[in-house]
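The entries below record what I searched for and what came back.

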Amino acid sequence: MFLRLLLIGLPLTSCSIPVVPAGTFTINCHERHFWLSVKGSFLGSMVQFYIEDNTGIHFLSSQRAAECGYTVVLNQHADLVFRASYLACYVENSGDTEFSVSVRFVNMQTDGRVNAYPFMLRCSLIVPWSLREIVCEDNYMEVSVKWQIPVVSHEGVKWLDLQSRTLEERAMQLRTGQVIFYRPNVFDKTPRQIEDVKAIGYHIIATDTRILLRSAYSSLLSYTFKEKNVQVEAVSAIVILQLEGTSSIPVEISMACAKTEGVVDGLYLLWSLPLALSPLVRGWFRNGAMRLGVDGRVLSDCEMHDIGYNISLKDQTVNIRIPFDREGAKIKSHVLKGQYAQSVSVEFFYMYYWDDAIWPHTQHRSFLLLRTPYVPRTPIVFNKTDPSTEMFSITLGVFPADVSLQNITLGDDTITWTEAQQHNIHLKQIFFSNGSHAYELQVPFTHPMVTQRVLSGHYRRQSLILTFDLVIFPEEEPFSYRTNVMFDQKEPALPAVLGGSCTEKGVLVILHYGSEDVPWDLYVGGHKLGWELGQLGGYRLDGRDDHFSVEIPLYSPGITYEDLNLKNMIVKVEVSAVNMVTLKVEHSLVQRCTFPVRDFLVCLPEGRIVVVTDTTRSIPPTKPNSTSLLDTSCKPTATDRSRALFNFSLDSCGTTMTVEGNSLLYENEIRHSQKFLPEEDPLIHMDSPFRLTLQCRYPLNGTSTLMLHPTARTTNKHPSLPRKRRRGLN
C-alpha cells in the first residue's frame, strides 16, 4: 500500500461524506492514546488528516505530526492506524483526565474524488498518571512528569509541589525557563531558551498536572549508543524553572527509546531490549512489572500464556518471543532472488515500570511495528497418501493470505483450477483459524503422470513430479515450487501357487513363489526333485525370479499311467511343495493329461509291461489279432485294424529275467501266430514270421521303488521272405 501524507492541504469545501461500509473505521481509547484504524481496502491513493480546534483547522504534515504527538502508520494487516497522545497538540484537555479531539480523515480516490470523514474522539483517563511517563512511538519520543518536582540535595530527595499554582502561572514559568541538553562526552551545556528549543523541533508544554517534552526521532540534540548490544536513542535534558523569590529549580526530563528490530528465532519473532535504559535511571534500581499488547489490545498474563507469548530476562536483557502462527503476528510474502521468502511483523505494545533513587515510579511505553527481514522459506509438502484409497494425497503449505495458487504442472501438462476435475485431479484450498491456508491435491495412482517401479522386498514405488505455480498479491509476484512425491507401497502378500499343464511331450509343473520369502523343496511322485532325478528323467528345469518350472517327459520317473488303451493314454503326476523351514507340505498338485496313442512301451513300477505296436508296418503286413506273446495264450487285450495292445505282469506270458550289473532285465516277445498249409501240400507258409522283442530294466532293489525311463530295446525284425517248401523230384 502506498501511503502519502500531503504537505499541502486539500480544500475541505470540495469534500463529500459518502456512505461508509460497516467495520471500515474502528475507534478505541488506549490508556494514553486515541486510536483510530481504517480498513486497508477502503484507502485511496493518498490520505490526509486534519485536526480542528477553536483556532481553526490544522493539517498534519509528517513533521508536524511527530512534533505534536500524532502517528499515522500502516499496520501488518495493511490497515491505516492513526494514534494521538492525550497530551498532543489541539487536544481539548480537562484536568488531564478527560480528552477530546476533532479529526478529519480525507481519502483521495484513484479517480480524483476526495471524501472527508469527520470524527470526534473522546477518552477518559482510566489508569492514573505516574510521576514520570515515557512514550516511544513510531515517529516520536515523549516524556511527561508531574508538577511534583524532585529536588536533590545533600539531605536527600525532597518534593516540591507546584500543583497548587494556576495553569497560567506554571505555563509562564515554563516559557521563561531554560533547557540544558547534555550528551555523553559533550561539554557544551549552555542553557537554551524554551522558545529557541521549540524552533529546533522540541515541543515543551505545561498541562494541568504535568510538564511535557516531545521530539521526533533523530532530532538535532539527540544521541545514540549501544546498551546490552541494543541500539538506543536518547534525549537527555534538564528544564530549569525560575520561581519567584527562590532559586532555580532543575527538573530532569530525559527520554530514551530502544531502536532494536525484530529478528527471526526459529518459529518466533524475537524482540530484545535492555531491562533499564541508563539515561533514565538514577541511583539504585528496583525492577517493576511488564505488560504486552498486540493490535491495540493489552494482553493479560493468562492470554499471553494461552497464545504462546514468552517473556524472559537474561543478563538484564528482556527477550520477548511471539509465535509466527498466533494472534498478532502477520506474515508477508515476497520473492527473494527467485525463492519464496517471508517477513513477520507485529503491531506491538510494551509497557514497563520501575523505581529508582529519584523517581519512585516510572512508566515506559513503546509502540512498535516490528518487522523481520525477509527470510527464505521452503514450502512444506505433507504426503498424507493412504494406500487404501489408491491415490496420492498431498498438502502444500502453509501460506499466508497473500499467496494464491494459479496452476499445477504434472509432467508437461499445466492444469488450472477449473481444468483439474477434467484431468481426474482433486484440488482444494484448506483454511486455518489464524488466516493461513494450504492446498490439497489428490491424484490417483493410475494417473498417466504417476510412474511406478518395483523395489526389492516386495514394494512398489509410486512417483509423481509436481510443480505448483503461485502468485503473491497485491504485488503479483509469481513463484514456483517443484517437488517429487513418492509413496512406497507394499505389494499384497501373495501365497505361493503350484500349477500344472499338459505339453506335447509331457507334463509342465510351475511353482510361483508369491511375495513370501520362503525356500521350497519340490517332490515329484514322492521323490525329492534334485539333480539326480532330473538327469535320470530328462527333466527340463527353468528357474526365474518369480517362479520355477519343470517339464516331466512321458515315460520318465514321476509319471503314473491311469488308463492305457488304443485311443488314449491318461497319465498323472503328483507334485508337492515342502516348506524347507517348517518341513510341511504347504501345496500339492495332481495333474492329469491325456495323450493320443501310437506306438509305445511302458514299464510300470508295479511290475507290469504295457505295449502298443503297429503290426501292419511289417512286410507283408501282419494282422494285430493274430499276434501273441511268447506264451501263445497271452493274446492282445485290445486290437484295431493296425495295432495291438498287450498288458501283462513280469512273471507271466513267458517273460524271462536276467541279471545285468545292478539291474534286472525282463524280456518278452510279440510274435505272429503262423498257420501252415495242409500236410499234403507243405511247401509254402500261409503267414510271414513276425517278432517284436520287449525289454524292461529295473533296479535290483525292487520293481516298485521307482518308475524308470524304459531302456528296453524294442526290436521289430522284418519277417523273412516267404519260402516255398518243395519235395524233391526224381
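I looked up Cys 593 and found a relative accessible area of 2%, so Cys 593 is buried (under 20% relative accessible area; exposed is over 50%, partly exposed is in between, with a 1.4 Å probe and protein chains only). The model is predicted: local features need pLDDT of at least 70, side-chain atom pairs count only at pLDDT 80 or more, and totals for chains, interfaces and linings use all residues. Residues are numbered from 1 along each chain as its sequence is written, and side-chain values use heavy atoms, with hydrogens and water left out.

Entry on the partner. I find a disulfide from Cys 502 to Cys 593, with S to S at 2.0 Å; I take a disulfide as a pair of cysteine sulfur atoms within 2.5 Å. Cys 502 sits in strand E42 (residues 497–502) and Cys 593 in strand E50 (residues 585–596), 91 residues apart, so I note a link between distant parts of the chain. Strands (E, at least two residues) and helices (H or I, at least four) are DSSP runs, numbered from the N terminus. I read a torsion of about -95° about the S-S bond of Cys 502 and Cys 593, so this disulfide is left-handed. Cys 502 has 42% relative accessibility and counts as partly exposed.

Entry on Cys 603 and Cys 696. I find their sulfur atoms 1.8 Å apart, in a disulfide. Cys 603 lies in strand E51 (residues 600–604) and Cys 696 in strand E58 (residues 691–699), so the pair ties together parts 93 residues apart in sequence. The S-S torsion of Cys 603 and Cys 696 is about -80°, so I log this disulfide as left-handed. Both ends are buried: Cys 603 has 4% relative accessibility and Cys 696 has 0%.

Entry on Cys 634 and Cys 653. I find a disulfide joining them, S to S 2.0 Å. Cys 634 lies in the loop between strand E53 (627–628) and strand E54 (638–639), and Cys 653 in the loop between strand E55 (643–649) and strand E56 (656–660), so parts 19 residues apart in sequence are tied together. At -90° about the S-S bond, I log the link of Cys 634 and Cys 653 as left-handed. Cys 634, at 14% relative accessibility, counts as buried, and so does Cys 653, at 11%.

Entry on the whole structure. My search finds six disulfides. With the bonded cysteines of the chain numbered in sequence order, I write the pairing as 1-4, 2-3, 5-6, 7-8, 9-12, 10-11. I also looked up Cys 302, which counts as exposed at 58% relative accessibility.
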